[in-house]
Amino acid sequence: ICSKQAVSHARPKACQDLLNAFSAATGNFTKCVFIHAKPVCFCESCTSSYAELRHAFRNIKNANMTCRNDLLQGDLVGVVNEVYEFGIHLWMKAECQQCHDSDGKGTTKEFFSRLSVFDDCWMNSNSSGVS
């Protein structure tokens with residue numbers, strides 16, 4: 001049974017903002033996957049929401065220790081990790097990385113390289129001070 005204290009867990013605003021961003025990214029990716037599941041077109045159609053999911057999770061991983069521990073280890077299930085892993089699992093199960101390499105010219109590696117550069121750039125340009 002959940003106690004009022006557990007249900008009303010107060011976390012710092014910066015941590016809550018990270019959780020809200022991750023929740024939104026998760027919802028956007030999941031919605032996109034549902035919309036484009038038949039035929040399996042989400043590899044092409046959901047690339048940006050997949051990138052958003054990865055970016056939001058990376059922000060949590062790079063947050064200060066208090067936020068990181070609260071969001072990644074603060075519950076018995078590890079909800080943030082489990083939800084993130086589910087999104088990654090869907091992407092990999094559909095072999096989306098193959099879709100970005102259909103021409104045989106290494107576009108998958110280029111895509112993920114550019115995604116990594118984008119993530120780094122986004123993190124460096126984030127002037128909100130969330131850490």
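Predicted model: local features only at pLDDT ≥ 70, side-chain atom pairs only at ≥ 80, totals over all residues.
Helix 4 and helix 5 pack with their axes 8 Å apart and at an angle of about 125 degrees, where helices are DSSP runs of H or I with at least four residues, numbered from the N terminus. The axes are lines fitted to C-alpha atoms, for helices over the stretch in contact, and the angles run from 0 to 180 degrees between N-to-C directions. Helix 4 and helix 5 are therefore oblique to each other, since angles under 35 degrees count as roughly parallel, over 145 as roughly antiparallel, 65 to 115 as roughly perpendicular and the rest as oblique. On the side of helix 4 the contact is made by Phe57, Ile60 and Lys61, and on the side of helix 5 by Arg68, Leu71 and Leu72; contact here means heavy atoms within 4.5 Å.

Residues are numbered from 1 along each chain as its sequence is written, and side-chain values use heavy atoms, with hydrogens and water left out.

Helix 5 spans residues 65–73, and its buried residues are Cys67, Asp70, Leu71 and Leu72. A residue is called buried under 20% relative accessible area, exposed over 50%, and partly exposed in between, with a 1.4 Å probe and protein chains only. These buried residues of helix 5 pack against helix 2, helix 4 and helix 6. At the N-terminal end, helix 5 is capped by Asn64, which has a side-chain oxygen 3.1 Å from the backbone nitrogen of Thr66. This is a polar contact, meaning a pair of N or O atoms within 3.5 Å; within protein, one atom must be able to donate a hydrogen and the other to accept it, and residues adjacent in sequence count only if both atoms are side-chain atoms.

Asp75 counts as partly exposed because its relative accessibility is 32%.

The next packing to follow is that of helix 2 and helix 4, whose axes come within 8 Å and cross at roughly 155 degrees. That angle makes helix 2 roughly antiparallel to helix 4. Among the residues that make the contact are Leu18, Phe22 and Phe29 of helix 2, together with Tyr50, Phe57 and Asn59 of helix 4. Asn59, which is found in helix 4, is buried because its relative accessible area is 18%. If residues up to four places away in sequence are not counted, Asn59 touches Leu18 and Met123.

Rings of Phe, Tyr and Trp (its six-membered ring) pair if their centres lie within 6.5 Å, and planes under 30 degrees apart count as stacked, over 60 as edge-to-face and the rest as tilted. By this rule there are five aromatic pairs. In one of them, the rings of Phe29 and Tyr50 have their centres 5.9 Å apart and their planes at 50 degrees, so the pair is tilted. This pair links distant parts of the chain, with Phe29 in helix 2 (residues 13–35) and Tyr50 in helix 4 (residues 47–61), 21 residues apart. Phe29 is buried because its relative accessible area is 2%, and Tyr50 is buried because its relative accessible area is 1%. The rings of Phe57 and Tyr84 have their centres 3.8 Å apart and their planes at 5 degrees, so this pair is stacked. Here too distant parts of the chain are linked, with Phe57 in helix 4 and Tyr84 in helix 6, 27 residues apart. Both Phe57 and Tyr84 are buried, and together with Phe22 they form one aromatic cluster.

Most residues other than glycine have a negative phi, whereas Glu95, although not a glycine, has a positive phi of about 55 degrees. Glu95 is partly exposed because its relative accessible area is 45%. Cys99 has its place in helix 7 and counts as partly exposed because its relative accessibility is 43%. Cys99 and Cys43 are 56 residues apart in sequence, and their C-alpha atoms are 6.6 Å apart in space.

Definitions and conventions
Helix = DSSP H or I, 4+ residues; strand = E, 2+ residues; numbered from the N terminus.
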